[in-house]
Amino acid sequence: MSNVRSVCVYCGASNDVNKDYIRLAEKLGAELAKRGIRMVYGGGGVGLMGASARSAHNAGGKVLGIMPRFLLTKEMIYEDVEHVIVEDMHTRKQMMFQESDAFIVLPGGIGTLEEAVEILSWARLNLHAKPMAFLDEDGFWAPFFELMDHIIGGGFTPKSFRSMLVHCDTPEAAIDALCDRIVRLDQ
Ligand code: AMP
């Protein structure tokens, strides 16, 4: 029995991306719904954010969107799911963290990267032990893994941290990896 009840999805807000990324986001949303796992995300209706949330919702899954007021129009809040409007980015990020047992990082831009790296940096400081998986089908995140290996190789981050970094190429594998890690942490 998995203890992963809520997964936070970090992903790009741009619509101007290869449609394969949109399709991957839809697959992830549907897979979370199928497994009865709630999706927590930034609340937008655009890009991979909107695609994953709509897909989870249409497949009967629970979704919680957390949106800062100043982005309501720009990121076109998706109102068909449960959503919370907060006053700033910090509150959004903190709530996304608190409401989730684990994280999946889909392809995205600077915002996605910032959110993922912040959660990793908190893990590095032992502020939490919630697992994270990077998900792509085409090696999108490979340069990030190379950068992390470079940083670890330089001695700036301990080698042991490498096991925090999980790279998967299907939604099923990403969710399984998170469930495995949570079971191990519980033991
Ligand atoms: P992007 O990956 O740049 O398309 O952004 C994806 C999501 O991350 C969007 O909902 C952005 O509002 C959000 N985002 C952008 N910058 C930040 C930040 N500094 N902290 C947290 N989220 C951010």
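Pro-107 lies in the loop that runs between β5 (102–105) and α4; helices here are DSSP runs of H or I with at least four residues, strands are runs of E with at least two, and both are numbered from the N terminus. Before going on: this is a predicted model, where local features need pLDDT of at least 70, side-chain atom pairs count only at pLDDT 80 or more, and totals for chains, interfaces and linings use all residues. Residues are numbered from 1 along each chain as its sequence is written, and side-chain values use heavy atoms, with hydrogens and water left out.

Back to Pro-107. Pro-107 counts as buried because its relative accessibility is 4%; buried means under 20% relative accessible area, exposed over 50%, and partly exposed in between, with a 1.4 Å probe and protein chains only. Pro-107 and Glu-26 are 81 residues apart in sequence, and their C-alpha atoms are 13 Å apart in space.

Now the ligand. Which residues come nearest to the ligand? Of the 16 residues around it, they are Ala-13, Glu-75, Gly-109, Thr-112 and Glu-114, where a residue is near if one of its heavy atoms lies within 4 Å. The shell around the ligand divides into six nonpolar, five polar and five charged residues. Its largest share, five residues, comes from α4.

On to polar contacts, meaning pairs of N or O atoms within 3.5 Å. An oxygen atom of the ligand is 2.6 Å from a side-chain N or O atom of Thr-112. A polar backbone atom of Gly-109 is 2.7 Å from a ligand oxygen. For Lys-93, a side-chain N or O atom is 3.5 Å from a nitrogen atom of the ligand. Taken alone, the ligand exposes 490 Å², and the protein buries 80% of that; these areas come from the Shrake-Rupley method with a 1.4 Å probe.

His-90 lies in helix α3. Is His-90 buried or exposed? His-90 counts as exposed, because its relative accessibility is 60%. His-90 and Pro-68 are 22 residues apart in sequence and 9.0 Å apart in space, C-alpha to C-alpha.

Ser-6 is found in strand β1 (residues 6–10). Ser-6 has 7% relative accessibility, so it counts as buried. A polar atom of the Ser-6 side chain lies 3.4 Å from the backbone oxygen of Glu-99; within protein, such a contact also requires that one atom can donate a hydrogen and the other accept it, and residues adjacent in sequence count only if both atoms are side-chain atoms.

How values were computed. Nonpolar A, V, L, I, M, F, W, Y, C, P; charged D, E, K, R; others polar.
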